[in-house]
Amino acid sequence: MLDTYAQRREKRDEIREWILGDLGEFTHFITLSTNDTAYSEKMARAKLQEWHRRMNHHTAGRHWQKQTDRCNVWMAFAEGLKSERHWHILFHLSDDLPAYRAEAMNWGHLDDTGRFVGNRTNFKCLPCAVERRWKKIVWSGSTNVQRIYSLAGAVDYVTKELTDPNNLALFIHSSEFDQP
């Protein structure tokens, strides 16, 4: 148990280094808000899991659970434990999505030879996809999607409340939800 603020701050800094060093390239910063004070930790986690399922279905297709290498990768950090619960998410779309899915999402196109042409970091429909799927799960909810230009700055922001003993255990990696 981390009893002192200094110990929790040290653990937060270790988590920041781990994200920056080992977890790869996050391309987008997403906030999913419930805008409701009635959500318990368990309810909020269940809503996040359902959003994960719906986003993977949207981007990787209906058989995404059989091909977890096509799943979206993200890390979510809970905030607002005593007020309106929300998640800050570092998000990266899979690099292994079928070209026809990317084209259908206005994310790129197939050239004359049938090869995919596009840039996954310029996914124009991501804000729409995130909002649509979140609002179907949490009617009162709201979303915010931004391109990450400074990963270190985004990591500092999402981990800022990890010094609170109640928040330290409330971060989730998407792989926790990838199991069928």
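Reader: Is R54 buried or exposed, or does it fall in between?
Author: Happy to start there, with a predicted model in which local features need pLDDT of at least 70 and side-chain atom pairs count only at pLDDT 80 or more, while totals for chains, interfaces and linings use all residues. Residues are numbered from 1 along each chain as its sequence is written, and side-chain values use heavy atoms, leaving out hydrogens and water. Buried means under 20% relative accessible area, exposed over 50%, and partly exposed in between (1.4 Å probe, protein chains only). With a relative accessibility of 25%, R54 is partly exposed.

Reader: Which residue meets R54 in a salt bridge?
Author: A salt bridge here is a side-chain nitrogen of Lys or Arg within 4 Å of a carboxyl oxygen of Asp or Glu. At 2.7 Å, N to O, the partner is E50.

Reader: Where does D156 lie, and which helix holds R16?
Author: These two form a salt bridge, with their closest N and O atoms 3.5 Å apart. The pair ties together parts 140 residues apart in sequence, because D156 belongs to helix α5 (residues 151-158) and R16 to helix α1 (residues 5-22).

Reader: How many salt bridges does the rule give?
Author: Another pair is E176 with R45, whose closest N and O atoms are 2.8 Å apart. Shared partners also join R12, D13, R16 and D156 into one network. The count of salt bridges is 8.

How values were computed: Helix = DSSP H or I, 4+ residues; strand = E, 2+ residues; numbered from the N terminus.
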